[in-house]
Amino acid sequence: MNPLVIAQAAKATQSFLMNRKVQIAILIIILYFVFKKKIKKLIHRIRQRKFDKNEAQDVNQIAQQYRSASNPSGISWMINVDGTDEKEIERLGYQSKGKLQPIANAYRLKFDESLSDRLRKELSPEDFQDWKNIVD
Ligand SMILES: [Ca+2]
């Protein structure tokens with residue numbers, strides 16, 4: 001390539017980066033990525049506090065029990081590999097009858113995932129259907 005062309009391209013790049021608007025745009029992008037995690041954490045903490053405030057409520061206890069039955073090890077990153085307490089989930093199904101929606105809402109608030117998606121992962125299709133028949 002022509003060295004003159006390369007020099008011109010370098011100069012153009014430099015003046016592009018020196019442009020104030022470009023600098024501000026780059027700064028905003030960097031700040032966004034730096035604070036994205038913090039903002040996410042903050043939202044999570046607010047939701048968590050909202051959940052904890054209602055801890056005495058029945059629906060929150062049941063949501064917590066669904067989590068425990070799905071995550072018997074108690075180690076959250078092992079939830080997909082630590083098995084399932086199917087008996088407990090069946091029992092909770094009877095307890096959830098008529099109030100699945102508020103329980104599912106509480107579950108989402110606390111654990112940031114859908115309760116039925118979680119149970120679909122934990123249970124066999126037949127057990128999941130049985131559970132659905134119980135709560136409906
Ligand atoms: Ca599990």
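Select domain 1 (1–44) and domain 2 (54–136) in separate colours. Their centres, taken over C-alpha atoms, are separated by 45 Å. The model is predicted, so colour by confidence before going further. The mean pLDDT of the protein is 91, and 98% of its residues reach 70 or more. Confidence is lowest in helix α1 (residues 3–18), where the mean is 85, and highest in α6, where the mean is 97. Where pLDDT is low, predicted coordinates should not be read in detail.

Next, select helix α2, residues 20–53. How far apart are its end C-alpha atoms? The distance is 47 Å; at 1.5 Å a residue, the 34 residues of α2 should span 50 Å, and the two values agree. Then centre the view on F35, where α2 bends by about 40°. A residue counts as buried when 20 or more other C-beta atoms lie within 10 Å of its own.

Now move to the loop between α5 (100–111) and α6 (115–122) and select D112. Most residues other than glycine have a negative phi. D112 is not a glycine, yet its phi is positive, at about 60°. Is the residue D112 buried or exposed? D112 has 12 other C-beta atoms within 10 Å, and is therefore exposed, the cut-off for exposed being 12 or fewer.

Conventions: Residues numbered from 1 in each chain as written. Predicted model: local features only at pLDDT ≥ 70, side-chain atom pairs only at ≥ 80, totals over all residues. Domains from an automatic or database assignment. Helix = DSSP H or I, 4+ residues; strand = E, 2+ residues; numbered from the N terminus. Expected span 1.5 Å × (residues − 1). Bend = angle between axes of the 7 residues up to and from the residue. pLDDT = per-residue confidence, 0-100.
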